[in-house]
Amino acid sequence: MTGKTPSLPRCAALVGPFAAGKTSLLEALLLRAGAIARQGRIKDGNTVGDASAEARARLMSVDPTIVATDYLGEKWTLIDCPGSVEFQQDTFNVLAVVDAAVVVCEPDPARAVMVAPLLKFLDERRIPHMLFINKVDSAGTRLKETLEALQGVSERPLVLREVPIREGDKVTGFIDLVSERAYKYQPGQASDLIKIPDAIKDEEQLARQEMLEHLADFDDHLMEELLEDVQPPKDEVYDDLAKDLADDLIVPVFFGSAETDGGITRLWKALRHEVPAPTATAARVGFANGGPAIARVFKTVHAAHTGKLSYARILRGEFADGQPVDGSRVSGLYLPAVGGPAKAAKAGLGEVAAFGRLDSVNTGDVLGGEANGGAAWPAPLEPLAGLAVEAEKKGDDVKLSGALVKLCEEDPSYRLENNAEFSELVLWGQGEIHLLVAFERLKSRFGMAVVTHKPTVPYKETIKKATSVHGRHKKQSGGHGQFGDVHIDIRPQPRGAGFAFEDKIVGGAIPRNYIPAVEDGVVEFLKQGALGFPVVDIAVTLKDGSFHAVDSSDMAFKTAARIAMVEGMPQCEPVLLEPILQVEISVPSDCTSKAQRIISGRRGQILGYDGKEGWAGWDQVSAYLPQAEMGDLIVELRSLTMGVGTFSWRFDHLQELTGRAADKVVEDRKASLAKKG
């Protein structure tokens, strides 16, 4: 077939929304390939995919499952990707290296929107992909409506490759629109070849004509044949399908049932005959054929027994265990298998291999010296939820930081923030489950039990009026004493102006060498003002003072300055400032009003909304939202948008908080400080 070399190993990703049946489809494909003896079930906890404790506990994928297999003498790597949007970083990274993706979805038009972000990513990168509508053997399957809804979220034309055969309200088989052969599903085995039912011959002919017309949009010769009522040879149709799939011009659509093996052989045939070769993939992602061996790392794992493993797709040449790679030496080379990674001496073009102990290599890196080559790597997803974390056992802080760094290497959509202002270590992620899985892995992999709490909101305080104050520190206890004496003015600054210190000492009232100590004393106080929060937008002027030739010192003047600030700040009407973020919320257009209600219910200010650029049928709502209201925003947003709503955010400004809300924040802060001593 055009654009492929069957002898080269190929790689396909199974992607789609949570609960669409990707893990079951992997089982069915492996069973049909003879890689497993029986098909496992998710609820029984015996599937090849979802093997980790975290996945088993939630009955959902939380990591890609990478399995190599043979089908009819051809080598394949199948990668079952997580469906939850909270683990989408892994999915995007996998898609960046595969030859094609199978997008798995359910036969429910209401759930079609759930595949929109995936289809958008695939089309932006021109990654070949096909649709597999799963679970069609259930009663009430609405294939036609589902196909229409899916076309509404796909930028590419969906090309139906088969039409259903029904018995009552159930799909029991299909007619292949290229070969024009009919098949009846046989649970647990390949479908039976049957005669095309007379009742749907007309429907099949109409569907076949529509498929050919889609292909003719990209093939002038085929268009001429159709205009002249010439039936094109089947080989020509297959060639067009393979070429158009490789160029991401069309999205072929198949259907079946992963749990009962319906349509699995047909899907395997499409993969074999139509998915492009790794040489075509390498060219698509920016690596020309010829030259030294290269591979791109798409997943990093810190395994208990093998240490760091870098999973990479080999896009040119061959790699061997022990060979030098980018200044390091490969220490262990593994090929994915049903039972887990298997040690290998070498791996070649098209294969996925795990490289051992390449400590300086990160996800997205190119192995083989072309560090600047290739298409842009998927950017880490922006953080959407965070929790402050600390070791349960005192003294384990360094160990905890090291373990968190490793988790961030495994999944770049985690982000670690060391908040020195509040002495907090905050782990940011994509949602509640994403963070919980990280904390469970800290315990199971690294023996780190942790406690978590909401991150401290970075409130600030400022003042509304000016004052003048005198601060004196005098202490005599035998020998040299301590003496510092200052007169300062305190006044507010415009919002955002920050801190200013001015020295107006004249006549040597305070020696020049002590004046920096006065500023240090002021700055130290401002770290925790009268309300317990850092003070901003304030100016302090040192205008007078006195000193003692023997007892004065830097420390004495620093202390005097602090005394002055402690006494003066309450006179300046201190007020609380809360951080306000500018938030951009992205939702399907029919959810825009829901998003606006979420904002209003969280003390937000809607700035406006417009169509999301490049996303048909989506809106983007802009708003100001207090940071204190952001904690579970992503949870509420996803629950109202079938999981696809998301947002980005950045700090915008500080805004005065008054009334009972401010009093409560100050009370909680003082209680927290008292607890810490």
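Strand β22 (residues 385-391) is largely enclosed by the rest of the structure, because five of its seven residues are buried, where buried means under 20% relative accessible area, exposed over 50% and partly exposed in between, with a 1.4 Å probe and protein chains only. Helices (H or I, at least four residues) and strands (E, at least two) are DSSP runs, numbered from the N terminus. This is a predicted model, in which local features need pLDDT of at least 70 and side-chain atom pairs count only at pLDDT 80 or more, while totals for chains, interfaces and linings use all residues. Residues are numbered from 1 along each chain as its sequence is written, and side-chain values use heavy atoms, with hydrogens and water left out.

The strand pairings, for which DSSP must find at least two bridges between two strands, are set out below.

| Strand | Partner | Sense | Bridges | Residues facing each other |
|---|---|---|---|---|
| β22 (residues 385-391) | β24 (residues 424-429) | antiparallel | four | A385 and G429 |
| β22 (residues 385-391) | β25 (residues 450-453) | antiparallel | four | E390 and V451 |
| β27 (residues 467-475) | β28 (residues 482-492) | antiparallel | nine | V469 and I488 |
| β28 (residues 482-492) | β30 (residues 538-546) | antiparallel | eight | H487 and D544 |

T467 lies in β27 and is buried, with a relative accessible area of 14%. Apart from its neighbours within four places in sequence, T467 is in contact (heavy atoms within 4.5 Å) with I488, D489, I490, G568, Q571 and C572. With Q571, the side chain of T467 also makes a polar contact of 2.8 Å; such a contact is a pair of N or O atoms within 3.5 Å, of which, within protein, one must be able to donate a hydrogen and the other to accept it, and residues adjacent in sequence count only if both atoms are side-chain atoms.

Elsewhere, helix α1 (residues 22-33) packs against helix α9 (residues 264-274) at an angle of about 80°, with their axes 10 Å apart; axes are lines fitted to C-alpha atoms, for helices over the stretch in contact, and angles run from 0 to 180 degrees between N-to-C directions. The two helices, α1 and α9, are therefore roughly perpendicular to each other, a term for angles of 65 to 115 degrees, whereas those under 35 count as roughly parallel, those over 145 as roughly antiparallel and the rest as oblique. From α1, the residues L25, A28, L29, R32 and A33 meet I264, T265, L267 and W268 of α9. Seven of the residues in this contact of α1 with α9 are nonpolar, one is polar and one is charged.

Technical notes: Ala, Val, Leu, Ile, Met, Phe, Trp, Tyr, Cys and Pro count as nonpolar, Asp, Glu, Lys and Arg as charged, and the others, Gly among them, as polar.
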